[in-house]
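Please look over the notes below with the model open.

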Amino acid sequence: MSGLSQRELEFALLISSAHFAQHVFYRVLPPLIPVLAVALEYPLWQLGLLITLYSIGMGVVQAPLGVLADRIDRRYLLPTGIMISGAAYVLFAFAPVLGGPLPTVTILGTTFEGGFLAMAGAMVIVGVGLAVVHPAGYPMITDNVDEQNKGKVLGFFGASSKLGDAATPAAIAGLILLLSWEGIILGFGAAGVLYGAALFLALRSDEFETVPSGQRTEGDADPTTTTELVREERRTFLYPMTVIYVFFVSSGATSHAITAFLPAFLVAVYAHSFEVFGVHVGAESVASGYFALVLLAGAAIQLYLGGVSDEYDSRLVLVCCMGLATVGMVALAVFDLHPAALIAVLFVLGGGLYGVNPARDALISDLTPPEFEGRAFGYIFTAATLTGAAFPTLIGYLLEHLGMRAGYLVMSIGTVLAAACVALLYSDWVYVPESEPDPDLRTDPEGSD
């Protein structure tokens with residue numbers, strides 16, 4: 001990437017590989033939902049519940065892991081978490097057998113058999129293991145990259161997540177033709193354990209800074225307290241971070257509709273299939289390919305917008321992205337698209353919905369003191385993840401009762417609300433950058449007599 005030193009480029013590749021791995025693991029289940037629904041005869045909402053449980057596991061521990069990431073060497077946190085998640089997917093692959101002896105559980109009139117309970121436990125562990133990537137990864141970028149290049153590396157870091165998102169359904173689209181769902185998940189789990197071990201060996205080098213800034217210098221604020229995160233002027237941190245949280249939740253509602261159910265939407269609405277060299281490529285595989293396109297679009301746009309975020313106002317970038325995402329969602333829900341038009345709409349949707357990360361993350365980083373950055377990202381991702389944990393289950397219920405098209409049209413409201421949240425950051429009532437000279441700051445930013 002232009003402007004990065006050799007060391008910064010090497011670091012960007014290394015830390016982005018961890019983000020890639022996290023999102024590979026995050027996207028293993030959604031492309032397999034159509035297969036699991038047939039093989040296990042679970043309803044759509046129940047399969048969505050497995051993704052919800054991942055989010056709960058991830059959300060519950062991100063805040064404490066954020067505090068931990070500001071206190072101990074991050075090279076011990078990052079690889080360990082990924083290895084734990086890989087081992088949990090190995091457990092998931094054997095869940096129908098291991099869960100057989102477990103008793104069934106009935107909750108609110110719904111019966112969950114032992115195999116599902118074992119899968120549910122495995123997904124919680126997957127989320128717990130991967131929760132460390134954000135609170136450890138973002139402050140490591142701040143510590144290892146010059147300020148003028150942070151947006152570029154954040155773009156690369158964010159793009160790697162979408163590459164992971166895209167690589168998984170693309171790989172599964174082919175693997176479905178060769179392996180059972182158990183074999184696919186087992187392979188991903190084993191690869192995760194091996195990658196985590198390799199990442200630990202790579203981070204052992206003294207070339208990269210992994211020790212938190214608050215632990216490297218004398219006289220820093222006590223890292224066990226969060227009082228420094230609450231600035232005297234609330235418009236420099238508290239108010240804008242609250243708005244960013246609502247932005248996370250609003251855009252996340254639409255994002256969950258895509259990441260959890262786009263393959264199921266495309267199978268139900270379009271059911272495209274074809275033959276290649278005499279091999280029948282079913283609707284599930286084609287849908288996974290389309291899903292990969294959405295995520296690749298997000299990766300490509302993030303690589304571009306990372307540099308843009310170093311030059312332009314992050315708020316403008318966020319508003320434009322949410323506008324594109326809204327157009328894509330409405331078009332997908334309303335129109336009966338020709339295959340070529342469908343590809344174009346999915347590219348616009350993916351670019352808008354997932355292109356926001358560099359600008360969003362740069363804004364959070366700029367708001368937060370470096371010695372507290374781990375916990376700031378931990379807190380915001382915990383709050384957003386826990387709030388949005390129920391979305392896959394609720395969206396699955398919505399799609400079953402309203403229908404796929406009507407349900408997707410309703411979910412486009414999320415990006416509209418997200419754009420409105422960003423618009424609030426243009427108001428002096430909500431956000432005043434700390435670096436902005438403001439010697440005549442008044443209580444009423446609009447002025448009054």
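The points below take the helix pair first, then the serines.

1. Basis. This is a predicted model: local features need pLDDT of at least 70, side-chain atom pairs count only at pLDDT 80 or more, and totals for chains, interfaces and linings use all residues. Residues are numbered from 1 along each chain as its sequence is written, and side-chain values use heavy atoms, with hydrogens and water left out.

2. Helix geometry. Helix H12 spans residues 314-334 and helix H14 spans residues 357-367. Helices here are DSSP runs (H or I, at least four residues), numbered from the N terminus. The two pack at an angle of about 145 degrees, with axes 9 Å apart. Axes are lines fitted to C-alpha atoms over the stretch in contact, and angles run from 0 to 180 degrees between N-to-C directions.

3. Helix contact. From H12 come Ser-314, Val-317 and Leu-318; they meet Ala-359, Arg-360 and Ala-362 of H14. Contact means heavy atoms within 4.5 Å.

4. Ser-314. This residue lies in helix H12. Is Ser-314 buried or exposed? Ser-314 is buried, at a relative accessible area of 10%. Buried means under 20% and exposed over 50% (1.4 Å probe, protein chains only). Beyond neighbours within four places in sequence, Ser-314 touches Ala-359 and Ala-362.

5. Ser-55. Helix H3 (residues 44-69) holds Ser-55. Ser-55 is buried too, with a relative accessible area of 3%. Which residues does Ser-55 contact, leaving aside neighbours within four places in sequence? They are Tyr-26, His-256, Thr-385 and Ala-389.
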